[in-house]
Amino acid sequence: MSTTADPVAQGVNSPVVDVVAKTTTTVANAIAKTVAVISSTVSTSSTTGATSTIPTSSSSTPTTSTTFAYTPTPTPIQSTSPSLEDGAEKLSVKDLSQALQHFGIVDYLVFIAMLAVCAVIGFYFGFIEKKQKKQKLPGKDGGGAAGVEERRGSEALDYLVGGRQMKVFPVALSLVASFVSGISLLGTSTEIYVYGTQYAFILVTLAISGAISWYIFLPVFCNLQLTSTYEYFEMRFNKSVRLLGSAFFTGANLIWLPIVIYVPALAFNQVTGINIHVITPIVCLVCIFYTAAGGLKAVVWTDVIQTVIMVGAIFFVIIKGTADLGGLGVVIQRNFDTGRMEWPELTLDPKVRMSMLAMMVGNVAHSSYNLGCNQIITQRYLSLPGLKQMAQCSFIFITGLVVLMAICMYNGLLLSATYYDCDPLTTKLAVAKDQLVPLLVVQSMSSFPGVPGMFVAGVFSAALSSLSTGMNSLAAVFLEDYIRPLTRKPLTEHQTAVIMRVCTVLIGVMSVCLVFVVEQMGSHVMQLSMTVGSVAQGPLLGLFVMGLLCPSINSKSAIVGSLCSFFFMGWLCLSAQLAINSGEMHFESKPVSVEGCDYEFDRDLVTPANATIPLTEPGSLTFAQELYHVSFMFYSVMGAAVGVITAHLAGFVFGRNTADDVDIELLSPCIRRFQKSSYSSVKLDENTLKSFNAKT
């Protein structure tokens, strides 16, 4: 961790350190009082968990062993664990679950300390630094930076992009924290456990997507220095397209943010037993406070701290878990034995859930949008002072993202090696798929005070970083795309400050309320986020492709294409989700076993999570079913393709742009070269004609 901490320490402003140091005593007293209240309200299950002996490596009586499998023809996995002594009484799954749901005082201290530090950072940038800046405002400008004059007096610029004077390393860590939410932290590990290592090929596609985003999308946005990415649509098309793009982004994020909040609430529920609807509003209030008060600077610096906590928690879990199993060789061997170590399937069938085609086409397009066009990401790049810093930040971001995703995937291998002979989903020790990682933590780390608290703090850190980033980005879109264009008079600095903070609070409250809806969805979070998010991301990716790569498409054609894409994706994603919930769509999962379980559970209980479900024969599918049975990896690229193709067809009705109709600076560099040659040939012909006329 020292190699990570040193750059952070070098980049932190000394006033932040001073404020945190001065408030340590006050925070400690507040934590002590809070822990006293929590300790008095937590159920006595923690005492039970402390005194109960829970064997970690034993099997049930052979005559009662049962094997369940996800696949139609499962292969039972033989248990090598030693048997329990005769007459030993085994806990029921309910008693074991209650015994594992305990949070010690140290765990609460770690968790509350994370929230307290985030609140202090928000307070500093929202009040103390702002006051210091106002006091220095009448003096001379000693910075000499190009953006200082622009930054002064601009509340929106300072709040939304940090005055365009942020440092490279903190912004890179903020990008990692924003991209790797709790969805990735828990959902990626669950994906490996349930479906195998096919998803690991995403590490290659992330690098490809990073290169595509930097060379095709980001150069245009960085040169234009936009606060809202969707201002580009007004420059390239018109105001109507800009509002349409902003509406798509708003809808996508109002769907995504509740999923981001729901994930850590599941983890907290697994380790404490506290209802998700109790903890969610409490934690989100802290996030809403520091985001509304401190703006982008508070978001970035809290992301730095939250990234360190997140990475530290995951490292601790995988090191301890690997050591408990006997080393890396045991983890790899057990995953080979259960058939989880495999490449994406080499097939051209788009209905295969994780094929090489789905990863190389579908996921590359999906990640290219998120890395190059998403307001949440581009807003961080635009907080840097120049293109050189943006390039450095992009390299660190992609590298850190690949490393962290690889760690999460290894954690999935660790899950399958740990539970290879006792699947907690079958026994209902874990109620939801995305509670597997928290279950591993409380089972293997309960003897280390503070580690479960550190893990929950890490998962919440990942979620809060994404939530704060989403709220800040939506506030930017609301201000620049909805409110400013509708006001007759320019907004004052005070009005701007109030509007941005009110928007942040409203977005946060709305996201918390929508958690109730997410809870009723059937898929695990990674697939759910990609499926539902594609309703808006597909049309948005299509709009950016039209603007940057298709100069002949005009505004009317772009609107028609994006609307057709939106309605198509809405039907596709809704039909797919209903098919999953009804059991019509069932993805083949890896085999699991309960031979080695050392606790009692209902062996007659068969649910869609562990039952053998007959799959519909491919030949019996209708055309509509063929469409929504396509892998969710293709959703974004399908939406973009529908939009672009429809827009080109609409060009026969609404006409097409000529080369002179589009500003060359609004096109991607790869298209700009071609346009430049066209312009230069025209100028050359004009000059030749003038010289010829002069001579004659």
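A: N472 is placed in helix 21 (residues 451-483). Helices here are DSSP runs of H or I with at least four residues, strands are DSSP runs of E with at least two, and both are numbered from the N terminus. The model is a predicted one, in which local features need pLDDT of at least 70 and side-chain atom pairs count only at pLDDT 80 or more, whereas totals for chains, interfaces and linings use all residues. Residues are numbered from 1 along each chain as its sequence is written, and side-chain values use heavy atoms, with hydrogens and water left out.

N472 has a relative accessible area of 0% and is therefore buried. The term buried applies under 20% relative accessible area, exposed applies over 50%, and partly exposed covers the range in between, with a 1.4 Å probe and protein chains only. When neighbours within four places in sequence are set aside, N472 is in contact with Y159, L160, T291, G295, L296, V299, Q379 and R380. Contact here means heavy atoms within 4.5 Å.

R380 belongs to helix 17 (residues 375-381). R380 is buried but has no salt bridge, and the nearest side chain of opposite charge, that of D303, lies 4.9 Å away. For a salt bridge, a side-chain nitrogen of Lys or Arg must be within 4 Å of a carboxyl oxygen of Asp or Glu. As to charge, Lys and Arg count as positive and Asp and Glu as negative, while His and the chain ends are not counted. Beyond its neighbours within four places in sequence, R380 touches V171, S174, L175, L296, V299, V300, T469, N472 and S473.

The chain holds 28 helices and 0 strands. Of its 696 residues, 55% are buried. Among contacts in the chain with a separation of 6 or more, 85% involve residues 24 or more positions apart.

Two pairs of residues illustrate such separations along the chain. L285 is part of helix 14 (residues 276-325) and counts as exposed because its relative accessibility is 58%. The C-alpha atoms of L285 and V505 are separated by 9.0 Å, although the two residues are 220 residues apart along the chain. K167 sits in the loop between helix 8 (155-161) and helix 9 (168-179), and its relative accessibility of 55% makes it exposed.

While R380 has no salt bridge, the structure as a whole holds 8 of them. In one, the side chains of E234 and R242 meet at 2.5 Å, N to O. E234 is partly exposed because its relative accessibility is 30%, while R242, with a relative accessible area of 8%, is buried. E234 and R242 are linked with D481 in a network of salt bridges. In another salt bridge, R484 pairs with E480, with the closest N and O atoms 3.4 Å apart. R484 is partly exposed at 29%, whereas E480 counts as buried at 12% relative accessibility.

The packing of helices can be followed in helix 15 (residues 328-337) and helix 18 (residues 387-418), whose axes come within 9 Å and cross at roughly 75°. Helix 15 is therefore roughly perpendicular to helix 18. L328, V331, R334 and N335 of helix 15 meet Y410, L413, L414, S416 and A417 of helix 18. By class, this contact has 6 nonpolar, 2 polar and 1 charged residues. Axes are lines fitted to C-alpha atoms, for helices over the stretch in contact, and angles run from 0 to 180 degrees between N-to-C directions. Angles under 35 degrees count as roughly parallel, over 145 as roughly antiparallel, 65 to 115 as roughly perpendicular and the rest as oblique. For the classes, Ala, Val, Leu, Ile, Met, Phe, Trp, Tyr, Cys and Pro count as nonpolar, Asp, Glu, Lys and Arg as charged, and the others, Gly among them, as polar.
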